Amino acid sequence: MARRKRKQLITGLLLLLCSALFPTLSHADDGGLIASIEASHKFSKKLSAGLETEFRSRNNFRTADRVSIGGDVSYKVLPWLKASAGYTLLIDNNREKLTYQDDDVSYNNWRPSYWGLRHRFNVSLTASYKIRRVELSLRERWQYTYRPSKIIDNFDFDEGEWEDDEVKGKGKNVLRSRLQAEWDIPKCKFDPFANVEFHTTRDLEKTRFIVGVSHSLKKKHNFKLYYRCQLSGSSDEPNNHMLGMGYTYKF
Amino acid sequence: MKKFLRYSLFLSALTLVMASCQKDDTDMADIIAQYQVEPVNIELDYSELTETPDVPVTDESDSTYNDYVENSAWNKVININFDGGNVAIAGTVPGVSVQTNGAHVTIMNMSGPVKFIVSGKTTDGSLKFYGDKRFQILLNGAEITNPHGAAINNQGSKSLYVVLADGTANRLQDGTNYTMVDEEDQKAALFSEGQIIFSGKGELSVIAVGRGGIRSDDYIRIRPGVKISVNSSALDGLRANDGIIIDGGVINIMTSGVGAKGMRSEGFMQVNGGRLVAISKGDCRIENTDGVMDTTACAALYCDTLLNVNGGILKLLATGDGGKGMNAKQDVAIYGGKFEAVATGTREIKKPKGVKIDGNFAITDGYFYTYSRRSDPLDVSGSTMIATGYKTYDLGPKVITIAY
């Protein structure tokens, strides 16, 4: 009976989360895939490290958006507190940019989409607290991303010609705050999880909601399937809905 | 079953990754192609032009009657022959006094129509006319350079007929520094207070280094058969206060001064025939008046009032910053002929436009082409009327072509 109630509670929470998101969806929203493969190793009870590669798509699964590869090291400072640091090399397919003259009709510049690199460093602190079979965690992550300068093609409609345009090098600091809940359902191979994450610079830049399930096999293999909704705080970037698939190999 | 699920998941992810190979860029290829179009080639053209000679008006009540040199009797003739620093005057006419100072000739004409036949070459000479009587200068192989001002300066307000003797080549050049006389204008290498009517089948080349090339404070008419070329590195190439009428002729104008216009008509301008090629290479002129910055862009053709094109060929090119192929302050109407205006200049200070019209624009016949590399090919502030029946009607972001 209690087990049934728990399942109802989880289902209810997930439905509540989904229903909260749907009114924000629109035709301008985008969809895509996040596919990742990770390998992680536990050196001791406190120290572990991992390597991950990830692929993302956009434009409703039709266009590659990003490929990344990175690694991180985690250390359990306290039984309930984990510190970690990581680096990720991001290879982005930057979206095209089309600008107009003051009349909002005549073209000004068009920069086609282009591939570019970014370097991302992060340090995190994660506090966890278990209530029965639900583990709540709060992760605070400071993230610094540096985009090196790059010369790219730009079509200047005034000049009527292609010209080299420099995308200047830029660094960006973001504070990411994530609150997560994971359920360990007895005798069930699938563990649901949900989280909400806020990306803050000077203002709230974006909010991410994730609901999904993970499935472990022989403690070495872990599969994850999830849905991620990202609400953008800027009108330049559409909201997006991602289907996430992940595999982690632990050794 | 579990294995099946795992493999399905893996294959699904792989399929979605593989499928993500489309670009999400806007398809701009056709649009960019419209912006990358090159203009027609416009260059000075000295080639022969087959023209039908105009028929002089014989009706004395016609306002243009006196524009035809044929309608006056030219039995009073004075010959002026330059020879280096000297000049030989032959012939006398009662009421006409001729004074010389080296090769600088000053003529007071109080007689009726007098014909001055000018020939020879001088590098330090000039012709200056006083008197309110119409007269004719027959340029018969003359080369006059005046380092101190205009090569020909007419202070009279009546008609000046400049006739280019058949098959002759004539050349006028001013100097960089003009020696001015109180209460007298001297605005160009060939300057006249009165109207100038060009005729004949010879050639006239004007080099302007101090001021304008050809200038009238009245109007200028150019008749078929004439070949005029003006190269001005200072001010406007050919300019008239009260209008310009081109009935024919081959006219080539090149200007390179800042803010200079190839041809400028402050009055009504009409093109009935001939071929005008005007090229303006100068950048904007920037003036600071009492702390207020004023900028003036160049134009191959500048019309302060109305322009009517009934026939002929107009080829206009501006290559300097903000330069206009044609800049018209009032209405422009094209009823025939071939009109091409090209602006290839930069847009640092002003916008370079093929054609800029502050009034209305109408076209009913002929051929109209305008191009701007860095701004609007056609900018009309008033209304635009394009008559139906055209064979070509292309409106692109850089080029506009209308042909009947």
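This is a predicted model: local features need pLDDT of at least 70, side-chain atom pairs count only at pLDDT 80 or more; totals for chains, interfaces and linings use all residues.
Leave aside its neighbours within four places in sequence, and B:Ala278 is in contact with B:Gly237, B:Ile253, B:Gly262, B:Met263, B:Ala300, B:Leu301 and B:Leu316.

Next, widen the view to the largest nonpolar core, which has 101 residues. B:Ala278 is among the residues with the most contacts inside this core. Now colour strand 7 of chain B, residues 135–145. Strand 7 provides the largest share of the core, six residues. Then colour the two domains of chain B: domain 1 (66–201) and domain 2 (243–284 + 293–404). Each of them puts at least three residues into this core.

A second, separate core has six residues. To find it, pick A:Leu33, A:Ile34, A:Ala35 and A:Met245, which are among its members.

Stay on chain A and switch to cartoon. Chain A has one helix and 15 strands. Of its 251 residues, 12% are buried. Take the contacts in chain A between residues at least 6 apart in sequence: 46% of these join residues at least 24 apart.

Finish where the chains meet. Here 24 residues of chain A are in contact with 21 residues of chain B. On the chain B side, select helix 1 (2–19) and helix 2 (29–35); each supplies at least two residues. Helix 1 of chain B gives the most, with six residues. Colour this side of chain B by class: nine residues are nonpolar, eight are charged and four are polar.

How values were computed
Residues are numbered from 1 along each chain as its sequence is written. Chains are lettered from A and ligands numbered from 1 in the order in which they are written. Two residues are in contact if their C-beta atoms, placed from the backbone, lie within 7 Å. Helices (H or I, at least four residues) and strands (E, at least two) are DSSP runs, numbered from the N terminus. Ala, Val, Leu, Ile, Met, Phe, Trp, Tyr, Cys and Pro count as nonpolar, Asp, Glu, Lys and Arg as charged, and the others, Gly among them, as polar. A nonpolar core is a set of buried Ala, Val, Leu, Ile, Met, Phe, Trp, Tyr and Cys residues joined through C-beta atoms within 7 Å. A residue is buried if 20 or more other C-beta atoms lie within 10 Å of its own, exposed if 12 or fewer, and partly exposed in between; C-beta atoms are placed from the backbone. Domain bounds come from an automatic or database domain assignment.
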